[in-house]
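I opened the notebook to record what I looked up in this structure, chain by chain and then contact by contact.

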Amino acid sequence: MTREVQAVVLVFVGGAILRITASDTYLRYVKESLRPWLLASSIILIGLGLLALLDIVRESRREQAGLSVQGAAERGHLGDDSRGGNPDGGGPRLDGEPDLNDGEDDSSSHHHAHGPSRAAWLLLLPVLAIFLVAPPALGSYTASRQVAVVAAPGSDAQLPTLPPGDPVPVLVSDYALRAVWDSGKTLEGRNISMTGFVSPGKNGKWYLTRLTLTCCAADAIAVKVLPIDAPSAPLPDTWVTVTGSWVPGGGTNNPNAIPWFKVASMKVVGQPDNPYE
Amino acid sequence: MSDQLSSSSDVTNPDPVSASTNAGPASSDPTNSNPSSPSPQSKWSFGSLEVLTIGLVVLILGQRWIASWFTSPELRTAATVFVSIVVQAIPFLVLGVVLSGLIAAYVPPSFFVKVLPKRPALAVPVAGVAGVLLPGCECASVPVAGGLMARGVAPAAALTFLLSSPAINPVVIVSTFVAFPRNHEMALARLLASLLASVLMGWLWLRFGKGEWLKVPARDHLLGSSRFQSFRQVAAHDFLHAGGFLVIGAFAAAVLNVFIPTEWLQAVADRPALSVVALGLLAVVLSVCSEADAFVAASLTQFSLTGRLAFLVVGPMVDMKLFALQAGTFGRRFAVRFAPTTFVVAVMCASLIGWWLL
């Protein structure tokens with residue numbers, strides 16, 4: 001891989017990360033809290049790539065000025081740390097040191113073992129996947145392969161009452177937590193709306209489902225709620241908002257319980273900006 | 001621009017000095033030979049920049065055709081998991097290569113001589129505890145460990161740091177504490193088991209490891225005319241190098257994540273001894289970032305706590321993407337010996353600490 005391509009790959013990888021982070025696309029793959037880190041790393045990568053390109057342009061200019069040949073001979077003592085005391089801030093130097101880099105990395109036969117290996121080409125794979133395929137958010141395929149999990153609450157303290165609202169919007173994971181680990185006490189008597197996608201269950205049942213992420217989509221965990229009296233069974237991966245109320249059923253104090261929800265009305269909606277909870 | 005540059009390389013190419021300085025100890029590695037072979041006569045050579053350009057044009061023209069391959073739910077899911085593992089790992093990898101660039105350019109080798117005990121056997125536990133200092137995941141620790149070795153730190157100590165830092169840093173321990181609200185002792189068990197396993201691995205390397213298995217990353221050729229340029233070149237080189245291998249690991253993890261049936265897990269859930277090994281293997285396959293794996297372990301409710309501890313101890317030390325990163329950074333001969341041994345040691349440490357604490 002030549003130095004030009006190395007620089008271009010750095011800019012591409014940084015650019016792809018910047019592109020998905022500037023829109024909401026990154027939310028298909030990772031947690032929202034990673035955003036500042038993604039932005040920072042994309043800027044660092046683009047910066048490294050652009051500065052490397054600048055080095056190449058500078059060196060080729062200098063070589064055109066005919067200053068390259070004697071510099072090559074001074075290459076032998078460059079591995080030591082003598083440059084530590086060198087106050088040069090990376091500006092143009094006219095003693096042939098920069099020519100070291102030409103000899104090392106250009107498309108000449110002797111640069112092996114020192115440049116990044118050919119594996120670096122593979123970094124273009126995720127870039128191409130992002131730009132050409134744009135993989136969608138995980139959905140019912142992942143959910144139906146998993147056992148639903150409702151994690152126990154962090155402490156035995158009383159769960160806070162739901163905020164005012166009629167209906168009050170509740171996260172699927174919050175509903176499941178309150179229904180399974182608090183016997184639905186904080187849900188009883190409220191008109192509740194929830195948004196999730198449809199994942200198929202056994203015997204024609206379907207679940208209102210949401211995936212929760214900790215870090216990235218590879219650690220997605222499914223939370224499922226069983227709708228009771230739903231007017232119809234939408235196709236898998238359809239996003240719906242259901243309004244209704246809590247009913248006992250599905251089990252309590254068991255992390256693998258799937259709580260019930262009595263549906264009064266249901267409407268098909270678009271995928272939310274953040275498909276995960 | 002490219003024809004200028006390839007002709008300029010033709011000028012420097014026959015220089016005997018450059019040829020000898022570049023013949024490093026690992027120069028027999030065939031993977032790095034350049035596909036293009038410029039002849040001194042030709043003004044214009046077909047190099048990797050041209051390959052890149054033509055490849056991109058073809059891919060962009062064929063975009064609809066390529067996107068049409070990804071219609072089955074398995075492939076779409078695998079593609080999503082692949083992209084998310086890479087995207088999630090990139091900030092940590094950037095953190096790691098920035099640190100390794102800083103070590104190469106700004107930290108003199110004498111610093112590590114001063115802070116680490118002279119005897120490698122003592123330096124190993126010190127390096128293990130020092131793992132607390134790097135709040136990253138395993139993607140960050142590989143380039144940093146490579147940078148430490150290149151700066152003269154004993155390989156055994158650098159390897160201990162490599163294993164301990166993703167497992168025992170404060171972010172990971174706090175997330176473990178949060179993920180197991182009813183079993184707070186899990187965080188302590190994880191800390192102790194991971195530290196024990198990484199120090200044991202350091203001592204094992206000291207006793208049985210052979211220098212020829214390990215390819216210590218070379219740095220000298222990357223040093224530029226200023227400290228900042230050296231920093232940039234080391235960071236860029238390490239990113240490209242480790243990043244390529246990260247992609248291999250993420251690809252393998254995504255395929256396994258989607259195509260391996262999950263039923264076998266249920267089958268071993270109620271056999272304690274088997275489940276420890278099975279969850280260790282699951283950690284290898286899933287390649288979840290060490291900052292998130294506690295939540296995945298918490299969700300594996302059908303397993304014993306000791307089994308889940310094995311998941312948490314093995315995950316940051318051996319997994320698909322880490323194996324690929326190690327193979328890329330330290331050589332395949334190293335990785336095929338080091339990773340399986342680490343797996344065995346990590347499972348044993350987890351069983352021991354789990355039996356004692358959980």
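**Entry 1: the chains.** I noted at the start that this is a predicted model. For chain A I looked up the secondary structure and found seven helices and six strands, which follow the pattern α-α-α-α-α-α-β-α-β-β-β-β-β along the sequence. Of the 277 residues in chain A, 46% are buried, and among its contacts with a separation of 6 or more, 75% are between residues 24 or more positions apart. Chain B, by comparison, has 18 helices and zero strands; I read that 56% of its 358 residues count as buried, and that 82% of its contacts between residues at least 6 apart in sequence join residues at least 24 apart.

**Entry 2: helix 7 of chain B.** I asked which residues of helix 7 of chain B are buried. They are Ala123(B), Val124(B), Ala127(B) and Gly128(B), and down the helix axis they fall within an arc of 140 degrees, so they line one face of the helix. I kept in mind that residues three or four places apart in an α-helix point the same way, because there are 3.6 residues a turn. The buried residues of helix 7 pack against helix 9 (155–168) and helix 11 (185–208) of chain B.

I also checked Val129(B), which lies in helix 7 (residues 120–130) of chain B.

**Entry 3: helix 7 against helix 9 in chain B.** I found that the axes of these two helices come within 8 Å and cross at roughly 25 degrees, so helix 7 and helix 9 of chain B are roughly parallel to each other. Helix 7 passes helix 9 in a right-handed crossing. The residues in this contact include Ala123(B), Val124(B) and Ala127(B) from helix 7 and Ala157(B), Phe161(B) and Ser164(B) from helix 9; the residues of the contact divide into nine nonpolar, three polar and no charged.

**Entry 4: a contact between the chains.** I then looked up helix 5 (residues 124–133) of chain A and helix 5 (residues 73–106) of chain B, whose axes come within 10 Å and cross at roughly 125 degrees. That angle makes the one helix oblique to the other, and helix 5 of chain A passes helix 5 of chain B in a left-handed crossing. Pro126(A), Ala129(A), Ile130(A) and Val133(A) meet Ala79(B), Phe82(B), Val83(B) and Val86(B) here, and the residues of this contact divide into eight nonpolar, no polar and no charged.

**Entry 5: backbone details in chain A.** Most residues other than glycine have a negative phi, and most peptide bonds are trans. I found a cis peptide bond from Asp166(A) to Pro167(A), with omega near 0 degrees; Pro167(A) is in the loop between helix 6 (140–144) and strand 1 (168–169).

Asn203(A) has a positive phi, near 55 degrees, in the loop between strand 2 (192–200) and strand 3 (206–212). Is Asn203(A) buried or exposed? With 4 C-beta neighbours inside 10 Å, Asn203(A) counts as exposed. Asp237(A) also has a positive phi, of about 75 degrees, and is in the loop between strand 4 (221–228) and strand 5 (239–246); with 18 other C-beta atoms within 10 Å, Asp237(A) is partly exposed.

Technical notes:
Residues numbered from 1 in each chain as written. Chains lettered and ligands numbered in written order. Predicted model: local features only at pLDDT ≥ 70, side-chain atom pairs only at ≥ 80, totals over all residues. Helix = DSSP H or I, 4+ residues; strand = E, 2+ residues; numbered from the N terminus. Buried ≥ 20, exposed ≤ 12 C-beta atoms within 10 Å, placed from the backbone. Contact = placed C-beta atoms within 7 Å. Arc of directions from axis to C-beta. Axes fitted to C-alpha atoms, helices over the stretch in contact; angles between N-to-C directions. Parallel < 35°, antiparallel > 145°, perpendicular 65-115°, else oblique. Left-handed = near helix turned anticlockwise from the far one by under 90°. Nonpolar A, V, L, I, M, F, W, Y, C, P; charged D, E, K, R; others polar.
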